[in-house]
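Student: I would like to learn how to read a protein model feature by feature. Please give the general idea each time, and then the case at hand.

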Amino acid sequence: MNKVKTFIFPAVLAAGALFFALSGRTAATGAEYGLDREPELVAATFSSAWCSSCKILEPRLAKVIPDFADKPVKFVELDFTFGQRDDIAEKARAEGLAEIYPRFKGATGFTLLVDRDTGEVIDMLTIDYSKSAMRAALAQALAVAAVSKPAD
């Protein structure tokens with residue numbers, strides 16, 4: 001009986017910690033890309049459920065995303081809650097982030113603004129950015145990405 005108690009308590013404690021870490025977690029960057037053209041900018045949030053910076057950054061970013069609904073920017077989230085998995089690397093490749101992913105994989109608490117055509121990191125949003133600063137950084141990054149876009 002003592003062995004059962006020794007096993008059950010840590011198991012319940014671990015389950016509770018996991019539930020707490022995942023509760024209230026929303027995919028702030030889960031906005032659907034609705035334009036009929038390719039995005040010029042990718043806003044890639046590197047996050048995890050256990051990241052305290054993410055708990056500040058993501059809700060703030062979620063309030064800014066609707067302002068860019070008709071702009072050529074795609075918001076994606078690379079979630080490292082359960083470690084560095086192959087599906088995250090594949091998602092990064094699919095979003096045009098193959099060049100930068102190896103440098104940033106596993107790190108969390110920021111959103112990279114990446115020029116889709118060149119793969120260049122234009123800016124990095126962190127918890128130091130207010131909502132208005134995020135809007136300004138996104139607008140500026142879109143302008144930079146538009147200028148670097150090759151003529152058709």
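Student: Does Cys 54 count as buried or exposed?

Tutor: Buried means under 20% relative accessible area, exposed over 50%, and partly exposed in between, with a 1.4 Å probe and protein chains only. Cys 54 has 1% relative accessibility, so it counts as buried. Cys 51 is buried as well, with a relative accessible area of 6%. This is a predicted model, in which local features need pLDDT of at least 70 and side-chain atom pairs count only at pLDDT 80 or more, while totals for chains, interfaces and linings use all residues. Residues are numbered from 1 along each chain as its sequence is written, and side-chain values use heavy atoms, with hydrogens and water left out.

Student: How many disulfides does a search of the whole structure find?

Tutor: A disulfide is a pair of cysteine sulfur atoms within 2.5 Å. The search of the whole structure finds zero.

Student: What pLDDT does the chain average?

Tutor: pLDDT is the predictor's confidence in each residue, from 0 to 100. The chain averages 83, and 73% of the residues score at least 70. Over residues 15–27 the pLDDT is below 50, and this stretch has 15 contacts (heavy atoms within 4.5 Å) in the model beyond near neighbours in sequence. Where pLDDT is low, the predicted coordinates should not be read in detail.

Student: How many helices and strands are there in the chain?

Tutor: Helices (H or I, at least four residues) and strands (E, at least two) are DSSP runs, numbered from the N terminus. The chain has five helices and four strands. Along the sequence they follow the pattern α-β-α-β-α-α-β-β-α.

Student: In what order do the strands of the sheet stand?

Tutor: Two strands pair if DSSP finds at least two bridges between them. Here four strands form an open sheet with mixed pairing, in the order β2-β1-β3-β4. β2 (73–79) and β4 (121–125) each have a single partner strand and stand at the edges, so one side of each lacks a neighbour in the sheet. From one strand to the next, the twist averages 20 degrees.

Student: Which strands run parallel, and how many bridges join them?

Tutor: β1 and β2 run parallel and are joined by seven bridges. Within this pairing, Val 42 stands opposite Lys 74 in β2, and Leu 41 has Val 73 as its bridge partner. The chain crosses from β1 through α2 to β2 in a right-handed β-α-β crossover. A crossover is right-handed if, with the strands pointing away from the viewer, the path from the first strand over the helix to the second runs clockwise.

Student: Which strands pair in the antiparallel sense over six bridges?

Tutor: β1 and β3 do, and Phe 46 stands opposite Phe 110 in β3. Strand β3 (residues 110–115) also pairs with β4 in the antiparallel sense, over four bridges. There, Leu 112 stands opposite Met 124 in β4.

Student: Which way do the residues of β1 point?

Tutor: In a regular strand the side chains alternate between the two faces of the sheet. Leu 41, Ala 43, Thr 45 and Ser 47 point one way from β1, Val 42, Ala 44 and Phe 46 point the other way, and all are buried. With seven of its seven residues buried, β1 is therefore largely enclosed by the rest of the structure.

Student: What does Ala 44 touch?

Tutor: Not counting residues up to four places away in sequence, Ala 44 touches Val 76, Leu 97, Phe 110, Thr 111 and Leu 112. Ala 44 and Thr 111 are 67 residues apart in sequence, yet 5.2 Å apart in space, C-alpha to C-alpha. Ala 44 counts as buried, at 0% relative accessibility.

Student: Where does helix α2 lie?

Tutor: Axes are lines fitted to C-alpha atoms, for helices over the stretch in contact, and angles run from 0 to 180 degrees between N-to-C directions. Helix α2 (residues 52–64) lies across β1 (41–47), β2, β3 and β4, at about 150 degrees to β1.

Student: Which residues of α2 are buried?

Tutor: An α-helix has 3.6 residues a turn, so residues three or four places apart point the same way. In α2 the buried residues are Cys 54, Leu 57, Glu 58, Leu 61 and Val 64. They pack against β1, β2, β3, β4 and α5 (131–148).
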